[in-house]
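Please walk me through this structure in plain terms. I have not seen it before.

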There are 2 protein chains.
Amino acid sequence: MSLLVVGSVALDTVETPFGEVKDALGGSAVYISTCAGFFTAPVRLVGVVGGDFLEEHVQFLESRHIDLDGLQVMKEGKTFRWGGRYHYDLNVRDTLFTQLNVFEHFDPKIPEGYRASGYVCLGNIDPILQRQVLSQINKPRLVVGDTMNYWIETKPKELAETMKTMDVLIVNDSEARLLTHEPNLIKAAKRIIRMGPKVVIIKKGEHGATLVTDDTIFAAPAYPLENIFDPTGAGDSFAGGFIGWLARTDDLSPDNLKRAVIYGSTLASFCVEKFSIDGLKDLSYLKIHDRFRSFMDLSRFDER
Amino acid sequence: MSLLVVGSVALDTVETPFGEVKDALGGSAVYISTCAGFFTAPVRLVGVVGGDFLEEHVQFLESRHIDLDGLQVMKEGKTFRWGGRYHYDLNVRDTLFTQLNVFEHFDPKIPEGYRASGYVCLGNIDPILQRQVLSQINKPRLVVGDTMNYWIETKPKELAETMKTMDVLIVNDSEARLLTHEPNLIKAAKRIIRMGPKVVIIKKGEHGATLVTDDTIFAAPAYPLENIFDPTGAGDSFAGGFIGWLARTDDLSPDNLKRAVIYGSTLASFCVEKFSIDGLKDLSYLKIHDRFRSFMDLSRFDER
């Protein structure tokens, strides 16, 4: 089924103890679309870039069957840039700079042909813009949304309003705690459900992800990687794999939501194995499916 | 098969945001033996208490078919006491006091009748004492050992020597990192395997536990509890459930090690639901098995 992705398109400068990249293609809409593109096509991308956005990036996205009719190009402006540094313990990261540039006044316009999208993924942008996107779309079958500490702290009321329109909220553990003032993650997830979303997914980095609905809890492990090169984009890759699988299968049963979590975890695991989107470049549906099966071996046990 | 447990017997004073207990029965040997006792009997306990150790505690342990021939009573001394306070976020704990008392000069003597124990669980005590215990035992089928930051930091060489005699090392994530100077937990586990143990289990509290061998990785979730009253003893309960199941079944295959990890996680989940050992008091093998099956539902998924 058709999938619409809205979020940032960025040029990332990243330093880790294992190397660095400058102005690499990134941003939530790029990671989500690229990952979802392994499952369903075309993925409709809505975002904004400046006149400095390289043709090679456009070509890469097009090669992934990502529909760029919704990508605004502000020729006079510059593309959103983010710089970060990861420590030896990759759970710790410093933001070195954030240059919003054209993203500062991003006004997501949904092309006419996108309005009937069945699946919508709202990347981590201002909750007001997230709602603005939804107001331009015919009633979608599933809305998946992301958010972050910044919006939880600065626009709690707007976010609460937007959350009422989401079917699935994907957050990490610290965001779930911040949003609910509740240290217990299961309680936090249940509070979030009372705020609107029917499904909450709490990402826990190296500890995996937990899906919570009114009557289901599913604990997915993280793939045990010995070498993680760059955690940038892992959360967005998770969201892309998750919604990509659902858009492909158009099955929202609890069992299929669980599979979607594992596909999300699978894409996140490939993402962090290389810098920027490099870990997603030479990926295939077959490799993805192989790793999906490794996840089975990882967590399966039986009775005696 | 016969099981020997060596560790501390303590009186714990614990404060949490939900209440407090004073001089409650605790200590690694008590939690391990009580939990293992649901699977196999008798469990042979080696430890030391003072003249102030209440008859009701002795009666409780005996009611669990724990053999106390190896429990030394130093009538002139006082029992080891520990006091701690947990914060609202139960992952954070302050030690309020540690009174070693008779435990300071604990000299574990293995009764003649214990020397042929097939399964041995070395609770978290001085690595020199752990080795001293093993030197008194005929070649056991499996040695499971625990340790802590304190020994890793103060007796690294002694600990390294003792680890060579262990088949399974159970540590938490921060201990694994401290022991190996490696932030990646999978790499840390593999380094530990090169130090001696054939099996490493890394406990991650609310994030579950990971079992690593030379050729297997198994990720077990934690049971999703909304109400955790007192985390004291969770790690020892895990060890008790783990070795108890193995001693019962005497099967060291990878599949059975995985089941043992789930039984360990099951016992830990019951332990933290009430104060002190109260969560283990009204437990039955049937309740344990029911929760084991809930763990299946929690992590199971299939292909489409």
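Predicted model: local features only at pLDDT ≥ 70, side-chain atom pairs only at ≥ 80, totals over all residues.

Which residue lies over the face of A:Phe60? A:Lys281 does, at 5.5 Å from the ring centre.

The overall form of chain A comes next. Chain A has eleven helices and 13 strands. Its C-alpha trace spans about 65 × 45 × 35 Å along the principal axes. A compact globule with 304 residues would have a radius of gyration near 19 Å, and the 18 Å of chain A agrees with that. Of the 304 residues in chain A, 60% count as buried. The chain exposes about 12100 Å², and carbon and sulfur atoms supply 50% of this area. Among contacts in chain A with a separation of 6 or more, residues 24 or more positions apart account for 64%.

Aromatic rings give a way into the details. Over all chains, the structure holds 26 aromatic pairs. One of them is formed by A:Phe18 and A:Phe229, whose ring centres are 5.4 Å apart and whose planes make an angle of 75°, an edge-to-face pair. This pair links distant parts of the chain, 211 residues apart. A:Phe18 sits in the loop between β2 (10–16) and β3 (19–26) of chain A, while A:Phe229 sits in the loop between β13 (217–220) and α8 (234–249).

Another pair joins A:Phe80 and A:Phe103. Their ring centres lie 5.1 Å apart with the planes at 10°, so this pair is stacked. A:Phe80 belongs to strand β6 (residues 80–86) of chain A, and A:Phe103 to the loop between β7 (93–99) and β8 (119–122), so the pair ties together parts that are 23 residues apart in sequence. A:Phe80 counts as buried, at 11% relative accessibility. A:Phe103 is also buried, with a relative accessible area of 15%.

Aromatic residues also gather in a cluster that includes residues of chain A and one of chain B. Its members are A:Phe39, A:Phe218, A:Trp245, A:Tyr263, A:Tyr285, A:Phe292 and B:Phe301.

The backbone has some details to note too. Which residues does a cis peptide bond join in chain A? The bond lies between A:Ala41 and A:Pro42, with omega about -10°. A:Pro42 is in the loop between α1 (28–36) and β4 (43–50) of chain A. In chain B, a cis peptide bond joins B:Ala41 and B:Pro42, where omega is about -10°. B:Pro42 is in the loop between α1 (28–36) and β4 (43–50) of chain B.

Two residues have a positive phi without being glycine. For A:His181 the value is about 55°, and for B:Ser276 it is near 50°. A:His181 is found in the loop between α6 (173–180) and α7 (185–194) of chain A. B:Ser276 is found in the loop between α9 (254–271) and α10 (278–281) of chain B. With a relative accessible area of 64%, A:His181 is exposed, whereas B:Ser276 counts as buried at 8% relative accessibility.

Notes:
Residues numbered from 1 in each chain as written. Chains lettered and ligands numbered in written order. Heavy atoms only, no water. Phe/Tyr/Trp six-rings, centres within 6.5 Å; stacked < 30°, edge-to-face > 60°. Helix = DSSP H or I, 4+ residues; strand = E, 2+ residues; numbered from the N terminus. Buried < 20%, exposed > 50% of the residue type's maximum accessible area, 1.4 Å probe, protein only. Lys NZ or Arg CZ within 6 Å of the ring centre and 35° of its normal. Rg over C-alpha atoms; globule rule 2.2 N^0.38 Å. Contact = heavy atoms within 4.5 Å. Areas by Shrake-Rupley, 256 points an atom, 1.4 Å probe, with all protein chains shown as cover.
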